[in-house]
Structure formats: structure tokens, C-alpha cells
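Keep the sequence and coordinates open while reading.

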Amino acid sequence: MRSSVYTIFLLLMLLGNCYALYKMFTAKQEFFDQFPKLTEKAFNIFRLLPMINLIALAGMLWMKPWAAYLIIACSIAVIAFDIFFGIWYHLYVAIPSTCILLFFVIKYWNGFK
């Protein structure tokens with residue numbers, strides 16, 4: 001049985017990714033101004049990550065096995081993008097949330113099967 005903390009955390013992650021998706025489609029130029037290493041192609045790939053994260057988080061809510069793998073891959077991709085393009089302020093959110101997600105994946109691993 002999942003705890004309510006698990007569900008609340010995933011819902012907060014869903015909200016955060018919805019906000020990130022909104023910002024990526026409405027404030028594109030701000031990203032380019034703030035992070036000069038960011039290219040158009042990289043930004044388009046980076047823009048896909050919140051969409052994929054939304055799918056993975058929804059799968060995590062319903063304990064789908066593919067969601068556990070997808071959320072780990074997306075989390076690693078987000079952290080790698082942040083480091084490569086120098087988006088340091090996002091690492092303060094990305095790393096702790098990835099650790100918490102990994103904790104929940106490990107804790108409820110049998111529920112994903």
C-alpha cells in the first residue's frame with residue numbers, strides 16, 4: 001500500500017512539470033538570454049523532458065513498471081542537461097527530487113511489477 005506522502009509528492013512533481021512546460025513554451029527567449037550555451041536544437045529536446053516526465057509521473061501514480069524506468073531516465077537527462085548548459089539554480093530542485101523519486105521507486109519496487 002502506498003503512503004499518502006508518495007501520492008502528494010507525485011502530484012507536486014506533476015504540478016512542477018506543468019509549470020516547467022508552460023515556461024518553456026512561453027519564455028523561450030528568456031532561456032536563451034539567461035543561458036548562452038543553450039542552442040535551438042538542445043532547447044527543443046529540453047522542452048520535451050517535462051512532457052515525458054508528466055507521462056512517467058502519471059505512470060508512477062498507477063504503479064506501472066515502465067514508469068519507474070522512464071522516471072529514472074528522465075531525471076538523469078534533466079540533471080545532465082542542467083550541468084551541461086549551466087542551469088545551476090534548477091539543480092537545487094532536480095537532485096533532491098530525483099533522490100526522493102529513487103527512494104520511492106526502491107521502497108515500492110514490488111508494487112511496480
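The radius of gyration is taken over C-alpha atoms, and the globule rule is 2.2 Å times the number of residues to the power 0.38. By that rule, a compact globule of 113 residues would have a radius of gyration near 13 Å; the protein has 15 Å, which agrees. The model is predicted.

**Fold and dimensions**

- The protein holds five helices and zero strands.
- Read along the sequence, the pattern is α-α-α-α-α.
- The C-alpha trace spans about 45 × 20 × 20 Å along its principal axes.
- Take the contacts between residues at least 6 apart in sequence: 65% of them join residues at least 24 apart.

**Surface, burial and charge**

- Of the 113 residues, 42% are buried.
- The protein carries 9 positive and 4 negative charges.

**Aromatic pairs**

- A pair of aromatic rings is described by the distance of the centres and the angle of the planes.
- A search of the whole structure finds 13 aromatic pairs.
- Phe 84 and Phe 85 form one of them, an edge-to-face pair with 4.8 Å centre to centre and 90° between the planes.
- Phe 84 has a relative accessible area of 52%, so Phe 84 is exposed. The cut-off for exposed is over 50%.
- Phe 85 sits at 9% relative accessibility and therefore counts as buried. The cut-off for buried is under 20%.
- Phe 104 and Tyr 108 form a stacked pair, because their ring centres are 6.2 Å apart and their planes are at 10°. Planes under 30 degrees apart count as stacked.
- Phe 104 and Tyr 108 are both buried.
- Ring pairs also link Phe 104 and Tyr 108 with Tyr 6, Phe 9 and Phe 103 into a cluster.

**Asn 17 in helix 1**

- Asn 17 lies in helix 1, which covers residues 4-26.
- Its relative accessibility is 10%, so Asn 17 counts as buried.
- What does Asn 17 contact, leaving aside its neighbours within four places in sequence? The partners are Pro 50, Asn 53, Leu 54 and Leu 57.
- Helix 3 runs over residues 40-61.

**Met 63 in a loop**

- Met 63 is in the loop between helix 3 (40-61) and helix 4 (65-85).
- Most residues other than glycine have a negative phi.
- Phi of Met 63 is near 55°, a positive value in a residue other than glycine.
- Met 63 has 15% relative accessibility, so this loop residue counts as buried.

**Val 78 in helix 4**

- Val 78 is part of helix 4.
- At 10% relative accessibility, Val 78 also counts as buried.
- Which residues touch Val 78, leaving aside its neighbours within four places in sequence? The contacts are with Leu 49, Asn 53, His 90 and Ala 94.
- Asn 53 is in contact with Val 78, and Asn 53 is also in contact with Asn 17.
- How far apart are Val 78 and Thr 98 in space, C-alpha to C-alpha? The distance is 9.7 Å, while the two residues are 20 residues apart in sequence.

Terms used:
Residues numbered from 1 in each chain as written. Predicted model: local features only at pLDDT ≥ 70, side-chain atom pairs only at ≥ 80, totals over all residues. Heavy atoms only, no water. Helix = DSSP H or I, 4+ residues; strand = E, 2+ residues; numbered from the N terminus. Buried < 20%, exposed > 50% of the residue type's maximum accessible area, 1.4 Å probe, protein only. Contact = heavy atoms within 4.5 Å. Lys, Arg positive; Asp, Glu negative; His and termini not counted. Charge placed at Lys NZ, Arg CZ, Asp CG, Glu CD. Phe/Tyr/Trp six-rings, centres within 6.5 Å; stacked < 30°, edge-to-face > 60°.
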